[in-house]
Amino acid sequence: MPPAQDQPPPQYTRYRAGPRLLPRREGDAILPRRLRRPRPGAPQAPGWRQRITRKRVVLGVLALLLGWIALSLLLYLASSHFERTSPPGDVAGELDPAGYPLTSANNILVLGSDRRQKNSKEPGANKTGPSRSDTIMLIRTGGGHAARLSIPRDTIVDIPGHGRQKINAAYAEGGPALSLSVLKRELGIPINHLVEVNFEDFPKLIDAMGGVDYTGDCIISRLNGGFRNGGYTLRLPKGTHHIDGKQALAIARTRENLCRPGESDLQRAEHQQALFTAMKNRLLSFSSFIRLPWIAWNAPPTIISDMSGETLLGLFGSLAIAGTPATHLLRPSGAETLPDGEAGLTASHASWRAAAAQFMRG
């Protein structure tokens, strides 16, 4: 055996270590991160249960809610820009100035016309020519105020240039501008904005809300001739019912309630106010918050108004926070038959002014 000093030295291969892309090995197995042995004194990363705190959950939910509201707001503004219709130009001259509806008291006139579609088979329905105002309601809101006043459409007044007629004829003779002029003269109050309801798109808004819970007396109404003539028949017993867009439109447009043949235009106005209340209550519900983007997109097309999308947003906000005011109606003091044979209601000057004073106190 040769001496140790005569043996050649051992040969070694030197390798350069590259960046570590894989976790450390123990034997031949690659350990996952959760099984690695921490170095003594090294800080340990918190687990997922430790990372989810109550504060982070609250902030996450708040971010989702704000995002949902922001999406709805963008859809509303886009829809109000492209889908909303403005009233005739002569309306502006009849409106009185007012502050932003959310912070200042505003009087808004809400009108709905009685024009039906050309294929309507409803008896007495207006399908061509100028339409009359089917709904006449005043809303006072903003700055802590909340009041509503319905004017029966059969109330007889003097319409400038057209003689003594029912008040809903003012819309047919001179559009919303003449309606504004007549109401301002009879009530003696300023009117700041106009809202006309586009009944063709009205059912879409109700359906976007998921329907509403309507409470009222029984209604049996045949619109467009009823089912037998290709129209629509509404049957609602007395009580509270969840109704869809078609049913809501039928309530708003019912001319003759077959369930209560003796019902007057006063009860018809009460049905409309009950429907308005049902819509407002639905908008304040959690289910409407879930549907908020759909409601935001479908709301502007149902409205013809002088108000911009931002002003309408202030109006909706003030209506939401003002509560539900009591229902008020202009009470007639008698009846009158017009030269054409139509019967209408009369209201004294004192009745008009008493209704106006009560409305302005709201």
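Which exposed residues does the face of helix 10 turned away from its buried side carry? They are Ala 350 and Arg 361. The views below come from a predicted model, in which local features need pLDDT of at least 70, side-chain atom pairs count only at pLDDT 80 or more, and totals for chains, interfaces and linings use all residues. Residues are numbered from 1 along each chain as its sequence is written, and side-chain values use heavy atoms, with hydrogens and water left out.

**View 1. Helix 10 and its two faces.** Helix 10 covers residues 349-361; helices (H or I, at least four residues) and strands (E, at least two) are DSSP runs, numbered from the N terminus. Its 13 residues reach 19 Å from first C-alpha to last, close to the 18 Å expected at 1.5 Å a residue, where the expected span is 1.5 Å times one less than the number of residues. Trp 352, Ala 355, Ala 356 and Phe 359 are buried. Buried means under 20% relative accessible area, exposed over 50%, and partly exposed in between (1.4 Å probe, protein chains only). Down the axis of helix 10, the buried residues fall within an arc of 100°, so they line one face of the helix; the arc is that of the directions from the helix axis to the C-beta atoms. An α-helix has 3.6 residues a turn, so residues three or four places apart point the same way. The buried residues of helix 10 pack against strand 3, strand 4 (133-142), strand 5 (145-150), strand 6 (156-159) and helix 3 (169-187). Contact means heavy atoms within 4.5 Å.

**View 2. Surroundings of Glu 196.** Glu 196 belongs to strand 8 (residues 193-197) and is buried, with a relative accessible area of 7%. Leaving aside neighbours within four places in sequence, Glu 196 is in contact with Pro 87, Leu 111, Tyr 171, Pro 176, Thr 302, Ile 303 and Ile 304. Of these, Ile 303 is 107 residues from Glu 196 in sequence and 5.7 Å away in space, C-alpha to C-alpha.

**View 3. Arg 132 beside Ala 172.** Arg 132 is located in the loop between strand 3 and strand 4. With 25% relative accessibility, Arg 132 counts as partly exposed. Arg 132 and Ala 172 lie 40 residues apart in sequence, yet 4.9 Å apart in space, C-alpha to C-alpha.

**View 4. Leu 102 in its loop.** Leu 102 sits in the loop between helix 2 (54-82) and strand 3 (106-113). At 36% relative accessibility, this leucine is partly exposed.
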